[in-house]
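This report describes the architecture of a single protein chain, with attention to its sheets and to selected residues. The sequence and the structure are shown below.

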Amino acid sequence: MSQEVLNQKACMSFAGKRVVIVPCPALGDVTVYLRLAWIFHCNGAHVSFFSSLLASAQNFFPWLHLAPDAGLRLQQLASDHDLVVSYVNWLHRTGEVVADVIAKPNIAYVTAKKLPSELGLDGREVRVADTFFPGASRPICLQSRSGWNMVQWVDQYAQTVFGLVCKEPIHVAISKPPCGASVKRVSIFPTTPEPKKNYSLSGFARLAIRLSRQGWEVDFICVPGEHEAIQASVGSFPVRSFSSIKLLMDHLATCKAVISNDSGGGHLGSLMGLHTFTITRKHAEFVWRPGFNPHNKVVRPLFSLKVMGRYVWRPFVPVRRIPAALAMLKVSS
């Protein structure tokens with residue numbers, strides 16, 4: 001990167017600039033894009049965030065303008081704002097002519113790990129006012145084996161592309177519990193959209209029994225279509241579904257910890273400052289682990305076996321570490 005470009009970034013102020021973030025719709029991704037929105041906000045920008053999933057939770061993010069993504073048009077957003085940072089797949093979701101959208105010079109296209117090569121966008125610059133930012137269109141994560149999580153990669157993206165730094169955690173406006181109240185709830189997210197990522201329901205049920213014996217109030221959280229199957233597997237433990245992210249966040253605000261597979265529930269819990277335990281078949285430093293606070297632990301198999309072309313990993317997950325960690329947490333609370 002040339003000294004001239006570095007000097008431009010040092011001189012460029014985002015104070016008062018109108019910035020739009022259009023995230024990937026999945027819950028885990030939405031929380032990661034929120035980190036980018038927060039960095040721009042901390043550097044003085046007026047930030048809008050288009051997410052139908054998150055729109056109901058406006059009261060948790062008073063520093064951000066939330067709006068649903070239904071009917072959005074990237075060209076119009078680019079015309080009305082100084083900078084748009086968009087998940088690249090929105091190019092094919094708005095009904096606009098892709099070439100016309102790409103012609104807008106102030107839209108940066110990002111994704112988690114790889115931009116579609118046929119679009120020719122990787123490394124493209126964006127222009128904000130009279131300042132050019134080379135490489136603004138790129139994957140957020142450049143090296144998945146680096147040991148960094150996606151929150152760290154967002155920080156790296158903001159700093160290396162736009163020269164922006166923010167050390168503060170995302171502000172989430174959560175009401176404090178009444179004085180003297182004890183938070184004893186642990187919520188478990190036992191499923192993901194990809195079954196191969198899921199730890200066994202029977203294993204989660206046994207884990208819930210252990211935690212209940214320690215005095216924790218344990219419940220399970222799922223989408224409505226999974227409710228019946230999960231309830232059949234976890235016995236008398238409450239199984240909850242929520243019609244909006246606001247209601248889910250209201251519930252998590254009463255929790256001490258979240259246990260999940262590699263899923264959005266862990267990211268949301270981490271964002272809200274909760275202790276999180278992520279069960280994964282991957283390595284302990286996989287890039288999509290929750291990373292919004294220091295209290296996030298990954299529980300992975302001690303080893304796995306390949307049988308008839310498939311990996312057997314669930315029996316070798318040391319889930320006993322979770323009750324042990326939560327017991328220590330309870331003692332220190």
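F220 has V239 in β11 as its bridge partner. This bridge belongs to the pairing of strand β10 (residues 217–221) with β11, which is parallel and has two bridges. The model is a predicted one.

β10 and β11 are part of an open sheet of six strands, ordered β11-β10-β9-β12-β13-β14 and paired in parallel. Its edges are formed by β11 (239–240) and β14 (296–299), each of which pairs on one side only. Strands of a sheet pair through backbone hydrogen bonds, in either a parallel or an antiparallel sense.

How many of the residues of strand β9 are buried? Five of the five residues of β9 (residues 185–189) are buried, so the strand is largely enclosed by the rest of the structure. In a regular strand, side chains alternate between the two faces of the sheet. In β9 both faces are covered: R185, S187 and F189 are buried on one side, and V186 and I188 are buried on the other. β9 runs parallel to β10, to which four bridges join it; S187 of β9 has D219 in β10 as its bridge partner.

Strand β13 (residues 275–279) has four of its five residues buried, so it too is largely enclosed by the rest of the structure. Four bridges connect β13 with strand β12 (residues 255–260), and these two strands run parallel. Within β13, T276 is the bridge partner of V258.

## The sheet from β3 to β8

Another six strands form an open sheet with parallel pairing, in the order β3-β2-β1-β4-β5-β8. The edge strands here are β3 (65–67) and β8 (138–139), and each pairs on one side only.

Within this sheet, strand β1 (residues 18–22) pairs with strand β2 (residues 46–50) in the parallel sense, over four bridges. I21 stands opposite F49 in β2.

Not counting residues up to four places away in sequence, R35 touches V151, V154, D155, C166, E168, P169, I170 and F292.

## The chain as a whole

The protein chain contains ten helices and 16 strands. Its radius of gyration is 21 Å, close to the 20 Å given by the globule rule for 333 residues, so the chain is as compact as a globular protein of that length. The C-alpha trace spans about 60 × 55 × 40 Å along its principal axes.

Of the 333 residues, 50% count as buried.

The accessible surface of the chain comes to about 15500 Å², and 53% of it belongs to carbon and sulfur atoms. The chain has 36 positive and 21 negative charges, whose mean positions are 12 Å apart.

Notes. Residues are numbered from 1 along each chain as its sequence is written. This is a predicted model: local features need pLDDT of at least 70, side-chain atom pairs count only at pLDDT 80 or more; totals for chains, interfaces and linings use all residues. Side-chain values use heavy atoms; hydrogens and water are left out. The radius of gyration is taken over C-alpha atoms; the globule rule is 2.2 Å times the number of residues to the power 0.38. Buried means under 20% relative accessible area, exposed over 50%, partly exposed in between (1.4 Å probe, protein chains only). Accessible areas come from the Shrake-Rupley method with a 1.4 Å probe; for residues, only the protein chains shown count as cover. Lys and Arg count as positive and Asp and Glu as negative; His and the chain ends are not counted. The place of a charge is taken as NZ of Lys, CZ of Arg, CG of Asp or CD of Glu. Two strands pair if DSSP finds at least two bridges between them. Contact means heavy atoms within 4.5 Å.
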